[in-house]
Amino acid sequence: MNIDQFNFAGKKAIVRVDFNVPLDENGNVTDDTRIRGALPTLKKVLADGGALIMMSHMGKPKGKVKKELSLSQIVNNVADALGVTVKFAPDCGNADEEVSALKPGEALLLENLRFYPEEEGKPVGIDKEDPKYDEAKKEMKERQKAFAKKLASYADCYVMDAFGTAHRRHASTAVIADYFDADHKMLGYLMEKEVKAVDNVLSNIKRPFTAIMGGSKVSTKIGIIENLLGKVDNLILCGGMTYTFAKAQGGKIGKSICEDDKLDVALDVIKKAKENGVNLVLGTDCIAADDFSNDANTQVCPANAIPDGWEGLDAGPETRKLFTAAIKDAKTILWNGPAGVFEFDNFIGGSKAIADAIAEATANGAFSLIGGGDSVACINKFGMADKVSYISTGGGALLEAIEGKVLPGVAAIKGE
């Protein structure tokens, strides 16, 4: 079912949102981007005359109730954004009373789903090596189904609008969909936009296609990198993984971050890029520091000749030129992961050069997709959110979609 075609009048709709927003030490929301992202879907339910039930996780309580991760802290933020009073159910697995009292046009937020281990569906308190693990896993799967069925019982229809968790087969993101027929389950507006944006990048490629993969570890990105090698024209690898590649090719990297057990993987990526005719762009120079600190002493040096006791914390000036050249003429751009330790203001130059080049290319007609928490944080820090085509709310989900994996939260709705 398409959400635009569905009339929520007189119906109770349970919507899986991603309200996993950052809080300060006093429980105040520091960035409400995810709340605002869900508004089109939530407002559609209310405008039609439906009763709205919102469910989300926050943090990683691992099946235990943790006061500092209670969604009660964000009720006022959600109410302000929605423009209606939001009621709160302090136990998501026992909210029948609050749900039955809910009238059309009213909204209810359930407590953190992950206070129940059944949400994630992982056995608790038992190691994978334990002979009874398989039995425990089977039992938890049954408990997960029962939990999903309980959540489903609150509503007449289900809307999946949490792209950030779509890569997880959790009770609220996928299993719950089994308890609704095809005419009563659907993707929300945010999910539809995310799925379309990924499809634009991977299936509707306008060339040249440049992908920028940053971050500290090759290991967390290898699946994506290998999938992209069959699709892109230019692949920029930056951030901490620069030094794994430099060391793999015999370079000296001082005390820079490095995955010594992935040197062969790095060499294999270089080889595959060459075989596929992909222009692999690696850092040639870097801003090295004598300490992991914003106030450290710095010097520009070759990325493969960093002095002992120094570490690369940002892309150097020559590297930034290489990045810019590979980005500015592109027609499809994907950016995931910064070029340096952007949290330190003295090491944002590489990431800013990437952002500037993406903005220029986008102004010239490129489709640019920014995904992953750090890249989004970069774009927001630079005040350039309106200079790119699309900013994804999902980190892991986006990466798995790019890797070519089917997302359980999408498959559960579409019946794939």
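**Exercise 1.** Work out where lysine 60 is found, and whether it is buried or exposed.

*Solution.* Start with the elements: lysine 60 is in the loop between β2 (51–55) and α2 (75–82), where helices (H or I, at least four residues) and strands (E, at least two) are DSSP runs numbered from the N terminus. Next, take its relative accessible area, which is 64%. Buried means under 20%, exposed over 50% and partly exposed in between (1.4 Å probe, protein chains only), so lysine 60 counts as exposed.

A word on the source: this is a predicted model, where local features need pLDDT of at least 70 and side-chain atom pairs count only at pLDDT 80 or more, while totals for chains, interfaces and linings use all residues. Residues are numbered from 1 along each chain as its sequence is written, and side-chain values use heavy atoms, with hydrogens and water left out.

**Exercise 2.** Find the cis peptide bond and place its proline.

*Solution.* Look at arginine 207 and proline 208: the bond joining them is cis, with omega about 0 degrees. Then place proline 208, which lies in the loop between α6 (189–202) and β7 (209–213).
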